[in-house]
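Here are a few notes from my look through this one. Have the structure open while you read, and take the points in order.

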Protein chains: 2
Amino acid sequence: MQNKEMAQRVRLFIETCRRHQLKITPQRVGIYRILIQSKRHPTADLVYRAVKKEFPNISFDTVNRALSTFAEIGVVEVVETFGGPKRFDPDIKDHHHLHCMACGRIIDFEYEGYARLEVPKAIASTFKVISRRVVLKGLCDTCSAKQQMF
Amino acid sequence: MQNKEMAQRVRLFIETCRRHQLKITPQRVGIYRILIQSKRHPTADLVYRAVKKEFPNISFDTVNRALSTFAEIGVVEVVETFGGPKRFDPDIKDHHHLHCMACGRIIDFEYEGYARLEVPKAIASTFKVISRRVVLKGLCDTCSAKQQMF
DNA sequence: TGACAAATAGGAACTAATCTTATTTAAGAG
DNA sequence: CTCTTAAATAAGATTAGTTCCTATTTGTCA
Ligand SMILES: [Mn+2]
Ligand SMILES: [Mn+2]
Ligand SMILES: [Zn+2]
Ligand SMILES: [Zn+2]
């Protein structure tokens, strides 16, 4: 990510925190900066270990609570998983996910074909849809290559 | 569910167990019967509590291990969640899910409009897709009614 | 600069999932 | 039907993930 884009996202993040009367602490900013540089939908523990390099005394709880708070105010998202620890996504734009069932990677993709994933009328009338996503399960390139070998 | 359909599904389940050289134990059959009667994508603990009525000595571990085994041989599915305990789905036919963010309900729906949720070419060439699902997040009727009150 | 509510660090507590081991049992052979 | 054996079970211990508790620190605003 460009330095410039990064700064811009952090600025927006700080703005959103203020709107929600959240204090701008160095820990929160550090955590957010780590997260927006991540590409793998990391767990709280992974974020913790990364941010610990910059803040050696930070506690796991601070990281985990910050991530939950960020999800509440909508600057990050908790991603769908099939068990295991929660995973976080700094990309809150509409996009879709591939889940590799062998290595657990979650790969982003966008596709105009799904652009207006319409909600069936029968459902739209009883369920208030807030977000929509296509979740594909399967095997990533590396993992399906490994399987071929046997 | 009709008694007849139930019996048919259990028969199929037993057949699949045999194909995988799994022993047909009363516990496994009991667990499977409970699960196919469930409509709420239950957790292992919920299945445990229900099956305990029929098998008072059954252990949680037996239930949990059985459910994992069932998922491995493909007679049930682990459902996508946003944290919390694993939840299981006895319906392995293609279908989609609504997740209520307030009460946690997961509601099934089918929609021909998604029937051929095509996989973008760029992805199909690097990722081997095994299953596809639309996941909608939002509020169910009861929960959005509750919100209106404030 | 001072007051105060909010946030943090550190550890305890809790919940979910998995592992260990002694005992029981399903299933196939005879 | 009986015997043998590997697989499955029950019960409890252990581990992993998350949340809670409390004393201390810190960001914010007057
Ligand atoms: Mn993503
Ligand atoms: Mn379902
Ligand atoms: Zn993979
Ligand atoms: Zn609801």
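**Notes on the zinc site and a cysteine in chain B**

1. Let's start with the geometry: the zinc ion (ligand 3) sits in a tetrahedral site, with angles of 104 to 117 degrees among its 4 donor atoms. Keep in mind that this is a predicted model.

2. Which residues hold the zinc ion (ligand 3)? The SG atoms of Cys100(A), Cys103(A), Cys140(A) and Cys143(A) coordinate the metal, at 2.2 to 2.4 Å. Along the chain, these donors of the zinc ion (ligand 3) follow the spacing C-x2-C-x36-C-x2-C.

3. Now pick out Cys103(A) and Cys143(A), a pair that links distant parts of the chain, 40 residues apart. Cys103(A) is in the loop between strand S3 (96-100) and strand S4 (106-109) of chain A, while Cys143(A) belongs to helix H6 (residues 141-148) of chain A.

4. Is Cys143(A) buried or exposed? Cys143(A) has a relative accessible area of 9%, so it counts as buried, the cut-off being under 20%. Cys103(A), at 41% relative accessibility, is partly exposed.

5. Over to chain B, where Cys140(B) lies in the loop between strand S5 (128-139) and helix H6 (141-148). With a relative accessible area of 1%, Cys140(B) is buried.

6. What does Cys140(B) touch, leaving aside its neighbours within four places in sequence? In chain B, Cys140(B) is in contact with Cys100(B), Cys103(B), Arg105(B) and Ile107(B), and from chain A come Thr126(A) and Phe127(A).

Technical notes
Residues are numbered from 1 along each chain as its sequence is written. Chains are lettered from A and ligands numbered from 1 in the order in which they are written. This is a predicted model: local features need pLDDT of at least 70, side-chain atom pairs count only at pLDDT 80 or more; totals for chains, interfaces and linings use all residues. Side-chain values use heavy atoms; hydrogens and water are left out. Helices (H or I, at least four residues) and strands (E, at least two) are DSSP runs, numbered from the N terminus. Buried means under 20% relative accessible area, exposed over 50%, partly exposed in between (1.4 Å probe, protein chains only). Contact means heavy atoms within 4.5 Å. Donors are N, O and S atoms within 2.8 Å of the metal (3.2 Å for Na, K and Ca); water is not among the atoms, so sites may look incomplete. Four donors count as tetrahedral if all angles lie between 85 and 135 degrees; four count as square planar and six as octahedral if opposite donors are over 155 degrees apart and all others between 65 and 115; anything else is irregular.
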